[in-house]
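Student: Please take a close look at one chain of this model. I would like its build first, then its contacts with its partner.

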Amino acid sequence: MYILQRLFYTLVILFVITSLVFLVLQVLPGNVAKMILGQYATPETLKALEEKLGLNDPLITQYLRWLSSTLRGDLGKSLVMERPVAPILLQALGRSAILATITFILIAVIGNLLGVFAAIKQDKALDIFLSTFALVGISVPEYFLGIVLVILFSTLLPIFPSSGYIPFMFSNLWQWASHLFLPTITLTYTLIAHITRMSRSSMIEVLQSNYVKYAEAKGLSRKDIILKHALKNALIPSITVLALDFGWLIGGIALVETVFAYPGFGRLLVFGIMQRDLPVMQACMVVIAIVYCIANLIADLLYSFVDPRIRFGKPA
Amino acid sequence: MTSSSRMPGRIARLRMKTLPRPFLIGSSLIVLLLLVAVSADYLAPYPYDEFHFLQRMAAPSGNHLLGTDEFGRDVLSRLIFGTRISLMMGIGSTLLCLGFGVPIGLYSGFKGRKIDEFIMRIMDIIISFPSLIIGLLIMVVTSPGTIKTVFVVGMIFTPHVVRVTRAVSLSIVKKDFIEAARARSESTRFMIFEEILPNIWGPIIVEGSLRVTYAILLAGSMSFLGLGTQPPQADWGLMVADGRMYVGEAPWIVISPGMMMCIAVIAFNLFGDGLRDLLDVRMRKLG
């Protein structure tokens, strides 16, 4: 039941967001017809095209038309590239998904590990070092870190390529991986602090809780206490942070893909916005909304999975 | 940290009437940055937009301490003027989102029930979109500029401030003195601004100083992508973007503004975190 309820809620939010996206983009000054015709627009051609595109229909008709074609997977045609948006979008998404997945696994695993270590060694040298490391991470802009890494690892020490993307093949595995290396490092380092800080503070809290004290009183070893009792509870809050990080990740991907000339979703989005390519923008916004909703849904479900109190209707 | 005591860290330090070191570092850096921003006209050795064509992309030297950029403009001077613009964007937009967010948050927390639910759902939806993307969308609709960036960043972060303000005001709303004010049938405005607000200044200031870090970063990102501050003016983000093409030949164009941005953000982070710890201790002491 809980799952169904969450699913329904997600669909409602998705609907609201996509409608908002449609509305907001309609407010753009200068309509699509003007954008397509550019400087060659004469009042007559403008009128004809507006008619053809159905721009004079009432807003609700336009909205329904857009909604139904979007649901059928028809995302329209890019005004600038003059090609259908859907295939371009899918390809770009696939490439960004590689970056996002690797980054996500890295921040989830390393971020939590660092946070837990810092908590166990609270106020010792390791903790202070890790806190400083995390502080620099949240303070450095993604694009600057990316450029510094390029200076270090492709100009001074030519180990990794500074930009671009190579399709995956077994024969050029290293080539493929080397193009991903600097972008993922950049994304990981700028995002990891959120999770590290969260897991550190929740681990510290758990270590001070009564049941840990009880376990200590029973004479359990420190290792057992941490691994069997503390860890599981300490990692729960980091699920939320991971879900929230999805929003950051999308912003980060837009910047990092720009810096590394990586032909993914982020760059397509920035391109669409800069060129005022309305169909591209709309499609990208819908994708962001969907991704965000799915991320939150997964977080909620994970939560209910690890914390039965939520599943059975008692808010934790 | 300090060799001083075996007492639990924070309290010991407070008792010694000294402030924690990170907080001190943060606040002195902020003062320094503000001084630079205010006295940019006197500090900068050259105008920020003066071309020196014979010294394009010159390495740092006595004449140009941080080198020159692709037009032969003095990087140090641009950095100093950039400090003014970047800080103005960061602090200005933070003040803006506090100005909008705090009253909305207070109102939402005070009213509760349906109004609260309604306001918070709207805030959730705005927060759910990546802030950089909203920023770019708004800026592309109209012609970008520094002042507009301040407004846009302020708008984007308003929901975050609303959330924090609402959360802290919820704990105050249930207190007896609010009940008393209700019994006296005071106006909503009076209760919100005269009764609740004075009790939550601490968390709001902490939120504000940490919000500055996000604001500086977001405004910088927008400038970096060309939709913030416009040339020939310079903020740190735009300077990084300009120098990016010449990173192989003249890395100093990029390094110094990037470093400045890191330093500023670290400073506000240290300040905000330190402030939170201090207020936390005080609140715990008061019970």
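Tutor: Chain B contains 12 helices and 0 strands. This is a predicted model. Along the sequence the pattern reads α-α-α-α-α-α-α-α-α-α-α-α. Along the principal axes, the C-alpha atoms of chain B fill a box of roughly 75 × 55 × 30 Å. Chain B has 287 residues, and 46% of them count as buried. Take the contacts in chain B with a separation of 6 or more: 71% of these join residues 24 or more positions apart.

Now the side that touches chain A. Here 30 residues of chain B are in contact with 31 residues of chain A. Four helices of chain B each supply at least two residues of that side: H5 (113-128), H6 (131-141), H10 (201-224) and H12 (252-286). By type, the residues on this side of chain B divide into 20 nonpolar, 9 polar and 1 charged.

Next, the core. The largest nonpolar core has 147 residues. Those that touch the most other members come from both chains. From chain A they are Ile253(A), Cys284(A) and Ile288(A). From chain B they are Leu136(B), Val153(B), Ala215(B) and Val240(B).

Leaving out residues up to four places away in sequence, Val240(B) touches Tyr143(A), Phe144(A) and Ile147(A) across in chain A. Within chain B, Val240(B) touches Phe224(B), Val254(B), Pro257(B) and Gly258(B).

Conventions:
Residues numbered from 1 in each chain as written. Chains lettered and ligands numbered in written order. Predicted model: local features only at pLDDT ≥ 70, side-chain atom pairs only at ≥ 80, totals over all residues. Buried ≥ 20, exposed ≤ 12 C-beta atoms within 10 Å, placed from the backbone. Contact = placed C-beta atoms within 7 Å. Core = buried A, V, L, I, M, F, W, Y, C linked by C-beta atoms within 7 Å. Nonpolar A, V, L, I, M, F, W, Y, C, P; charged D, E, K, R; others polar.
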